[in-house]
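Subject: Structure handover

Hello,

Here is the structure I promised you. Please open it first, then read my notes below.

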Amino acid sequence: MSDLPVAPRTSLFRKYFLALFAAVVAPLLIAGGSEAWFGYHDQRARLNDLLDAEARLAAVKIQDFIEGLHDQLSWTVQLPWTENTGDRRRLDALRLLRQAPAVRSLSLIDASGKERLFVSRIGLNRIEGGDDHSTNPAVIGARSDRIWFGPVTFQDGSEPFMTIAVAGNRTAVGVAVAEINLKFIWEVILGIRVGRTGEAFVLDRPGRLVAHPDISLVLRADEAAQRPLQALRAAILARPTGQAAIGQDITDKTVLAAMAQIPGVDWSVIVKQPVAEAFGPIYAALLRTGVLLIAGAVLAAALAYWLTQRMIGPIRVLEDGVARIGAGQFDHRISLATSDEFERLATRFNEMASELSVSQERSERISRLKRFLAPQVAELIDRTGDDHVLDGRRVEVVVVFCDLRGFTAFSAQAEPEAIIGVLREYYDALERVVTTHGATLINFFGDGVMVLLNAPVSCSDPALRAVNMAIDMQRSVQKFLVSWRALHPRLGFGVGLAMGPATVGRIGSEGRLNYTAIGNVVNLASRLCSSAEDSEILIDRIAAKAIGSSASLVELDARVLKGFDQPVPVFAVVSAPTP
Amino acid sequence: MRFMPRTVAPAADRVRRREFIALAGGAASAAAWMAPARAQALPVIGYLGSESPERYASRLSAFREGLAETGYAEGRNVAIEFRWAEGQYSRLPALAVELANRQVTVIVAPGGAEVALAAKSATTTIPIVFEMGGNPIALGVVSSLSRPGGNLTGVSSLSVEVSRKRLEFMHEVRPDTKKFAVAVNPTSPTSNSQLKNLHAAADALGLELVVLKNSDEQEFGAMFTAVREMQAGGLVFSSDPYFAYRSQQLAALAVRYAVPAMTQSRDFPLAGGLMSYGGDFGQSHRHTGIYAGRVLKGEKPSDLPVQRVTKVELFINLKAAGNLGISFPPSLLGIADRVIE
């Protein structure tokens, strides 16, 4: 089967794969895509809320830190200054330093703006220092607003400090001015965690870093390094309120950040979470979808391959079988036991093959029959497919013999081309006549011809039909004889016919099968032909009787014929004048 | 694999198997190479100490605490090479050079400006993390706190700055006395600035100051005798590591000579001395450990600002006060970080 057309296996595989791919992967894609899309939006909204809440919570924590300091300082400005309260005030101030570690130093200013007390962790304490602070912006600010926050300063260019001034509810109680070490916010900011690795930081109004979990960033006080954080704040401010923004932090990591403002000090508390972490669930979902897609594609491919394999085997067997049958091997049978449509198809092919073989046998047989049967008969048998008429039986037949007179002498003298030419014209003429009369041409032997009527197909009035045929034979051969006599003057044509029972049927060996008749009547017809003169048609008694008066016959003298003990009565057809 | 023509598949199989074996083999040999390499590449901290391990014990444990905070533990993922000057500060530069020649990953120079300066003079490439009580800029260790530059960074406490506060506290304890003695180590790079500070404070408080210079533990006894003889209200020690690391000795002498004295280190009152006011060395040494860890992780010292430990602690020993016949004013008792009874 090497001459098979190019194997279409890939194409079948591709069809199955595409179909299964569409069935498996398309829903996955749609589901995964929508999950990612909606997941992203949900997550974004949730992160907005979360970060906003975290930012506000962080702001509250830092505000608590400042409020705590405010509360502590408020204690020192509740009672008015009198001459003998100095020592008690000093104790209060020292205790405040003990309570509030972020306060590095504290000055108490009386109503007239004079410094009455100064306590410090580092420097020497002063009692009744008396310096005039009435023009100190801290004192002025606190007097008008009850509380005043100074700008953030970086001592020695490193440590962040801020001054807070608090005034009492009336002028007489004076003002407390405290120097606050903002490094202590570090503990607050360190406690703020957003998600797993997110963190918070604080920028003052001009954008300087006040607090960050990595305190060294604050202490470095490097404005250039802090620029990304300022840009992040600008990005958040550019968004609608309460919306988180995406930006870069100091380490160039992409973060999602939200902000809350601390009133009073006017600081921004910004919380940030790495985008990779914030959108982690979405990435996980996308990864899941991707894995499912790949698994789906692999499954589709495996299924397609398996199905194709299931199809290819039977199709191959069918293809092979059809090719064999097509090549004429009708006895080939396709054996498939898949108990499905393929098996049914194989059964159909097998049936077709056996029918083909039957019909081929028949057509072979018929083509053989056509050699000796009249075309009408052959066609009849062909049409009905019934060749039982050719079976051997005993039947009343009319046998007609005819041959050329003087042919042996002619053939001895004439050129072979002339002999063949004469015989071809002779046979053609006779065959035409035989066919016209529906008779069966049994055999040509040399110049002799045997024709049978009423077998294998019976006909009405076979004797008369035979006589009419013999007359036609004479007529057409005599026409040729006119020219043939130029070749040999003694050429002539005689016919003999006899009627009687004979055994008819297919007789012969396997290879050479012929239809013929056997019986006395054949002998008789042959003898009558031999004894007939040129242009003469001799008929036996039975035939003549059967013809009756339908043709004009004359009884001749009984003749002694070879093989017959008694003289045989012989009749001759009176030839009508040639038209 | 199944889609390949059948004759090709086994060959491809074979090739892949060979590749896999090569890969696996490569990984195995790489692992075999890496294991000893990592053991060899254990980073080394060169630890330069001015005294002996015994005197540094509490500082060392704070330092190790800080290292652990950054994920380092001695012997596990970091080795520590120690060099001890045993109180002979003149040996520090030579020891620092030794560490530098040893090509350690980072030099830790805790315990004062002398150690930091010794380390600084030994190398300009190996990162140095120092710990000291004074102002690193004034002492010429770094040029800026926020951006130290070069290969140095570290931690400073406020001990040196608050020596005048010690005089103030001592005056509060002995308000009736105007004469106080001050112990100064003349070899200390901070001695001059501290003396200036102390004199200014004495002027502000209206006190008379007697300066006792001492840089040798053998002379400690003589110093206490002198204080007793001059009838001073008390002895205030300036901030100096040499004094700080000998707190036990000083406390014993203070008890023996019945002299009210005050130093920077909490070890002094804990050992029986009257009181102390100074930076929290536990914090400063812990931060030194954290910075050493961060440098081990690859951060550049120039990116790490010098940290100042802002916490200043006041320790009071009431038992010592009782023995000396001293009663503490409530203002001091109230603000003390710890009162030993």
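This is a predicted model, where local features need pLDDT of at least 70, side-chain atom pairs count only at pLDDT 80 or more, and totals for chains, interfaces and linings use all residues. Residues are numbered from 1 along each chain as its sequence is written, chains are lettered from A and ligands numbered from 1 in the order in which they are written, and side-chain values use heavy atoms, with hydrogens and water left out.

Start with the crossing of α12(A) and α13(A), which is right-handed. (A crossing is right-handed if the near helix is turned clockwise from the far one by less than a right angle, and left-handed if anticlockwise.) Helices here are DSSP runs of H or I with at least four residues, strands are runs of E with at least two, and both are numbered from the N terminus. From α12(A), the contact uses A:V422, A:E425, A:Y426, A:A429, A:L430, A:V433 and A:V434. From α13(A) come A:M469, A:D472, A:M473, A:S476, A:V477, A:F480 and A:W484. Contact means heavy atoms within 4.5 Å. How do these residues divide? Eleven are nonpolar, one is polar and two are charged. (Ala, Val, Leu, Ile, Met, Phe, Trp, Tyr, Cys and Pro count as nonpolar; Asp, Glu, Lys and Arg as charged; the others, Gly among them, as polar.)

Now chain A as a whole. Its secondary structure comes to 15 helices and 20 strands. The radius of gyration is 66 Å, well over the 25 Å that the globule rule gives for 579 residues, so chain A is more spread out than a compact globule. (That radius is taken over C-alpha atoms, and the rule is 2.2 Å times the number of residues to the power 0.38.) Along its principal axes, the C-alpha trace of chain A spans about 195 × 45 × 35 Å. Of the 579 residues, 46% count as buried. (Buried means under 20% relative accessible area, exposed over 50%, and partly exposed in between, with a 1.4 Å probe and protein chains only.)

Next, chain B. α2(B) passes α11(B) in a right-handed crossing. The residues of this contact divide into six nonpolar, seven polar and four charged.

Last, look at B:S156. You will find B:S156 in strand β5 (residues 152–157) of chain B. Is B:S156 buried or exposed? B:S156 is buried, with a relative accessible area of 0%. Leaving aside neighbours within four places in sequence, B:S156 is in contact with B:M132, B:G134, B:P136, B:V306, B:Q307, B:R308 and B:V309.

Best wishes
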